[in-house]
Amino acid sequence: MLLFTAAFALMAPLTSAPEDSVKTSPDSVKTSPFKISGYADAYYRYNFNNPGEAPYNNLTSFTNSHKSFELGMISVKAEHTIGKVGLVADLGFGRRAEEFSYNDDNTRFAIKQLFITYSPTAKIKLTGGSWATHIGYESVDPYLNRNYSMSYMFSYGPFFHTGIKADFGLGEKTNLMVGVANPTDLKSASSMPKTFIAQLATGTPDDKIKAYFNYQGGAQHDSLRVQQGDLVVTYALSSQLSFSYNGTVQYRQFRGETGWGDYNSWWGSALYVNLDPAPWFGMTLRGEYFGDKKALIGFNGNVFETTLSSNFKIDNLTIIPELRLDNGDVESDLFINKSGSLKQTTVSALLAAVYKF
């Protein structure tokens with residue numbers, strides 16, 4: 001998924017680990033009001049069904065290729081804070097940025113996120129602009145993910161919202177966000193209906209368990225209403241082993257010639273197991289079940305994917321080898337082989353590199 005002067009708001013999803021705070025000089029407690037960061041990524045993907053043409057047995061975001069070295073995105077984020085106000089501008093260039101901003105003009109340069117904040121008190125923050133969605137566990141920025149390829153839930157849920165929102169601190173570990181935004185993934189929506197968004201975030205005092213209850217709902221246009229509920233829970237058993245869960249369901253109601261029809265839904269559920277035996281090495285296993293029996297996405301059935309990714313860290317560089325299995329049910333032959341025959345299952349291997357600065 002603009003109102004207000006100088007609007008534009010970005011925020012990395014609350015389900016992602018926070019980035020490092022502005023560093024302080026050992027000789028001073030003052031912090032710099034300006035911070036710049038970014039990353040670049042690239043990958044190679046091979047699908048063992050050896051498909052002859054697009055979409056190359058890839059039904060999720062950002063990795064639609066086969067036997068090709070691909071550039072992902074170079075992203076630069078500038079942050080400036082002074083007193084009670086702040087600005088974040090996050091720009092991306094590349095294929096990943098284009099797919100993220102798919103409703104914009106066909107260009108590989110995109111304003112991923114842009115927002116202004118105002119904090120009248122320590123427990124209230126107002127944001128206006130365009131920011132990455134709070135819904136879901138994964139992020140458009142690959143350095144915030146442990147798997148390089150994306151889940152089905154991320155790919156078919158919202159990418160971003162454009163509007164206004166308010167964050168309220170309700171306690172030491174509890175935060176409430178409410179807002180109004182344009183329809184999903186639209187930075188401009190003149191004369192179109194608006195969507196209500198919300199998140200309740202909480203956790204245990206030791207931060208071992210964190211939970212996020214997410215929502216978006218409202219008319220997308222005159223003929224479509226959407227209601228979506230989403231849950232993210234993370235649990236750190238130790239510094240080496242942690243688990244994360246994401247579940248979501250989206251209801252859609254369409255209006256035809258005789259009026260509004262019934263609500264139908266797609267849904268998904270994923271478990272992430274994260275193991276970090278050494279500071280320079282980690283592994284993540286993602287198991288996801290995605291249901292689309294009503295063909296709202298176009299699958300006309302269910303699909304299960306299992307992805308095993310390793311993370312090798314060398315200073316600012318992360319190398320991600322990955323193996324992924326996608327399996328559709330009997331009713332939905334979603335994949336093809338080189339001869340064009342339909343298949344229920346496909347296997348892909350991927351090698352990615354992400355450099356963060």
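S7 and strand S8 (residues 195-203) run antiparallel and are joined by seven bridges; two strands count as paired if DSSP finds at least two bridges between them. Strands here are DSSP runs of E with at least two residues, helices are runs of H or I with at least four, and numbering starts at the N terminus. This is a predicted model, with pLDDT of at least 70 needed for local features and 80 or more for side-chain atom pairs, while totals for chains, interfaces and linings use all residues. Residues are numbered from 1 along each chain as its sequence is written, and side-chain values use heavy atoms, with hydrogens and water left out.

Within the S7/S8 pairing, methionine 177 has glutamine 199 in S8 as its bridge partner. On the other pairing of S7 (residues 175-181), seven bridges tie it antiparallel to strand S6 (residues 160-169).

Now to the pocket. A pocket is an open set of points on a 1 Å grid over the protein atoms alone, where a 1.4 Å probe fits, with protein on both sides within 12 Å along at least five of seven lines; lining residues have an atom within 4 Å of a point. The lining has 22 residues, with Tyr102, Tyr156, Thr184, Asp185 and Arg252 nearest the centre. S9 gives the largest share, three residues.
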